[in-house]
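Visitor: Can you walk me through this one? Start with whatever terms I need.
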Amino acid sequence: MKKLDLFVLKSFLGPFIMTFLIVLFVLMMQFLWLYIDELVGKGLSLGVIFEFLGWGSATLFPLALPLATLLASIMTMGSFGENNELLAMKAAGIPLLRILAPLMILSLFISVAAFFASNNLIPVAYEKIYTLRDDIGKTKEEIKIPTGIFYNGIDGYTLRVMSRDENDVMHNVMVYDHSKGEGNVSLTIADSGIIDMRSDKTSLTFTLFNGTNYEEDNTITSRDSTYTLQKVNFEMQQVVIPLKNYAFQKSDNSKYGNEVMTKGLAQLRIDRDSLAARHEKSLNTQTRKAIYADDMHYAYQLDTARKKNLDYKGTISADSLFQWESLEDENHAYKQAITQIDQQIANVKYFPMDLNTIAYPLRRTMQESFRKFTLSIACIIFFFIGAPLGAIIRKGGLGTPVIVSMFFFVIYWVVDISGKKLANDGAITPFLGAFISTFVLFPMGAFLTWKSTKDSALFNADSYIAFFKKLFSPDKWKAGLKIVKRKMARR
């Protein structure tokens, strides 16, 4: 039996690793397509791009691991069925559950690894991703000076280059210096020039040839309102322009440590306790405001513990409370009651918004704590869906298994995303939002496992065709009509 277990494990590990890498690559391409606009044009090195994609791929584990488990289990058992290996095992007296026993143990190890990935790796990956996105967002795009138009992509300067030859030499160059913030008071015109940027992208050097500097002093005083224009001709001049945020600078990772997705289970529990205490305190404060508001002047009379110190006045008829001495008093009482009701309505509308400032982070924290376990559970459930499906379908390869597995994975993904959104909005509890996909898929896995142990032809088209042929057979309908006629004749 050990050789059989080893054979089953080897047959599963190959497709599992292959499908995991394929799924991860496809999801990473989708991730790259989503953020491609933030990466291009910044002059980023390949190391930064690969680091961004590497940490981004780590955040895709919650999607890649369950799908890889589902695909590998369907392919493995489907290949056994297609090659009659599963039939030979059953003919030798080995039940299906015993054949799946080594894969069950392996799926448990995968689920444990998935938990550690969800609790230890994915929070670090999200923190790295948040930091890299912020650093890349601060990095300005590369300087590409067009020809024939004014270019103001450099802070404090406006440039115009009329043409550029094959040696990248610029001709008819104009450089406006606006760094002093005094308008067009400094202009440099040159016949030609070349541009050079330092390797660290901290400065840009224009080497200009055969030109003129024009600089105007537009300082106006109460005694002298004249302008001074300085004109200097040159054969060669270098204009050094300082640059800021054109080079990618990596910052500290800790600035995004307070995000929910960047925390492990231990930190989430601490945050959940503190947020729950704040939520309870805020709820009690709002309750006291509602009870002891300005329109409830005698709220202390509702406290039975204080009635011992009050002089009991006896009962009073409710009808006597609505009797006024004049029509003006009655009108004033109704107006005052309407004002107080409007105030209470305004308070009731404000209370949920004020409470939600604490309730929303609390719901997200609680749900993220539960979701640390959903990845592990999803891997196990998808195994118990995929392995029975493979035994029933009896098709290996990447054809039929991919189509069938994608159907179940789409159900899982849609239900999981919907549950997460509903839980964040407070429509359902965080526990239900995190485990609703588990509750939906678990009965499917249990049903398919039960059907596979009974050698059910659940996906055999011939059995359904034979059933409907038998159902709509003319001979069967004639026999049924004869039975009905006999019963009618006896009556």
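Guide: Two strands pair if DSSP finds at least two bridges between them. Helices (H or I, at least four residues) and strands (E, at least two) are DSSP runs, numbered from the N terminus. The model is predicted: local features need pLDDT of at least 70 and side-chain atom pairs pLDDT 80 or more, while totals for chains, interfaces and linings use all residues. Residues are numbered from 1 along each chain as its sequence is written, and side-chain values use heavy atoms, without hydrogens or water.

Visitor: How many bridges join E1 to strand E2?
Guide: 2 bridges, and E1 and E2 (residues 157-164) run antiparallel. Tyrosine 151 stands opposite leucine 159 in E2.

Visitor: And what is the strand order in the open sheet?
Guide: E1-E2-E3-E4-E5-E6, with antiparallel pairing. Strands E1 (150-151) and E6 (228-242) are at the edges with a single partner strand each, so one side of each has no neighbour in the sheet.

Visitor: Which residues in H2 are buried?
Guide: Val48, Phe52, Leu53, Gly56, Ser57 and Ala58. Buried means under 20% relative accessible area (1.4 Å probe, protein chains only), exposed over 50%, partly exposed in between.
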